[in-house]
Amino acid sequence: MITKKLLIMNKLGLHARAAAKVVSTANKFKSNITLVKGDKNADARSIMKILMLSASKGSDIEIIVDGNDQKDAMKSLEKLFHNGFDEGI
Amino acid sequence: MKMNVGILIITHSDIGKQILLTATSVFGITPFRVEVLSVDNYDQPNDVKQLGEKYINFLDEGDGVLVLTDIIGTTPSNIAASINHTNMKVVAGLNLSMILNVFNYPNKSLDQLAKKAIEGGIDGIMKI
């Protein structure tokens, strides 16, 4: 299991299109992936659970990845977060 | 196993069309075969029902059709409920979070999708 804290850097936060990108990234891997914000957590394969985190710009999200391809999954998610979900920062 | 459930949206006026357009822009694709039926005051319910039956037969590729409608007890929902088709499920209460949750799971069965629709619709309603 690997854990990493990532910052939401894009202006619109983890909004609908960004959440859909997290889902499609998570679906490329077999590992279990959970996003945690404060006391709430979300399955990274569920757009609604991600949206329910209400993660705006500046939020810290802890990513927990567990499975055979956990390293690659974390790498892809890190890239997505660092790119501001491909929306620029 | 990849499932091919079709989706029919039956709503008042253009609500269904707009919800579909928004959900499609969120995912960048429409992950199902979808048809939309708008019901307006001047429409004859029987005509809409016949059209609905045509759409459902067209959409059913063997794995069934999920019908999403806006408000229970109203004409769109009554039309949906009156359609006779062996492999369909009707869920009322359509909102954007319902359709996002359905689009999230393109490979699920009809029963599972009906469940996801209800869960997503309810999840999106909360005090913030």
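Q: Which residues touch the most other members of the largest nonpolar core?

A: Please note at the outset that this is a predicted model. In soluble globular proteins, nonpolar side chains tend to be buried together. Here the largest nonpolar core holds 64 residues, and Ile50(A), Leu8(B) and Leu68(B) touch the most other members. The largest share of this core comes from H1(A), which gives 6 residues.

Q: With which residues is Ile50(A) in contact, leaving aside its neighbours within four places in sequence?

A: Those contacts are Leu14(A), Ala19(A), Val22(A), Leu35(A), Ala42(A) and Ala44(A).

Q: How many residues does each chain bring to the contact between A and B?

A: Chain A brings 8 residues and chain B brings 9 residues. On the side of chain A that touches chain B, helix H1 (16-26) and helix H2 (47-51) of chain A each supply at least two residues. The largest share of that side, 4 residues, comes from H1(A). Sorted by class, that side of chain A has 6 nonpolar, 1 polar and 1 charged residues.

Q: How should I read the pairing of strands, and in which sense do E2(A) and E3(A) pair?

A: Strands of a sheet pair through backbone hydrogen bonds, either parallel or antiparallel. In chain A, strand E2 (residues 32-37) and strand E3 (residues 40-43) pair in the antiparallel sense over 4 bridges. Within this pair, Val36(A) stands opposite Asn41(A). The hairpin of these strands has 2 residues between them, and Gly38(A) takes a positive phi near 60° there.

Q: How many bridges join E4(A) to strand E1 of chain A, and how many join E4(A) to E2(A)?

A: Strand E1 (residues 2-7) of chain A is joined to E4(A) by 6 bridges, and the two run antiparallel. In this pairing, Leu6(A) has Ile61(A) as its bridge partner. E2(A) is joined to E4(A) by 5 bridges, also in the antiparallel sense, and Val36(A) stands opposite Glu62(A).

Q: Which residues form the covered face of strand E4 of chain A, and which form the uncovered one?

A: For strand E4 (residues 60-66), Ile61(A), Ile63(A) and Val65(A) make up the covered face, while Asp60(A), Glu62(A), Ile64(A) and Asp66(A) make up the uncovered one.

Q: What is the order of the strands in the sheet of chain B?

A: The 4 strands form an open sheet in the order E2-E1-E3-E4, with parallel pairing. Strand E2 (33-39) and strand E4 (88-92) of chain B are the edge strands, since each pairs on one side only. From one strand to the next, the twist averages 20°. Between strand E1 (residues 6-12) and strand E3 (residues 65-69) of chain B there are 5 bridges, and Leu8(B) stands opposite Val67(B).

Q: What pattern does chain B follow along the sequence, and why is its radius of gyration said to agree with a compact globule?

A: Chain B has 5 helices and 4 strands, in the pattern β-α-β-α-β-α-β-α-α. A compact globule of 128 residues would have a radius of gyration near 14 Å, and chain B agrees because its value is 14 Å. The C-alpha trace of chain B spans about 40 × 35 × 25 Å along its principal axes, and buried residues make up 41% of the chain.

Note on methods:
Residues are numbered from 1 along each chain as its sequence is written. Chains are lettered from A and ligands numbered from 1 in the order in which they are written. This is a predicted model: local features need pLDDT of at least 70, side-chain atom pairs count only at pLDDT 80 or more; totals for chains, interfaces and linings use all residues. Two residues are in contact if their C-beta atoms, placed from the backbone, lie within 7 Å. Ala, Val, Leu, Ile, Met, Phe, Trp, Tyr, Cys and Pro count as nonpolar, Asp, Glu, Lys and Arg as charged, and the others, Gly among them, as polar. Two strands pair if DSSP finds at least two bridges between them. Axes are lines fitted to C-alpha atoms, for helices over the stretch in contact, and angles run from 0 to 180 degrees between N-to-C directions. A nonpolar core is a set of buried Ala, Val, Leu, Ile, Met, Phe, Trp, Tyr and Cys residues joined through C-beta atoms within 7 Å. A residue is buried if 20 or more other C-beta atoms lie within 10 Å of its own, exposed if 12 or fewer, and partly exposed in between; C-beta atoms are placed from the backbone. The radius of gyration is taken over C-alpha atoms; the globule rule is 2.2 Å times the number of residues to the power 0.38.
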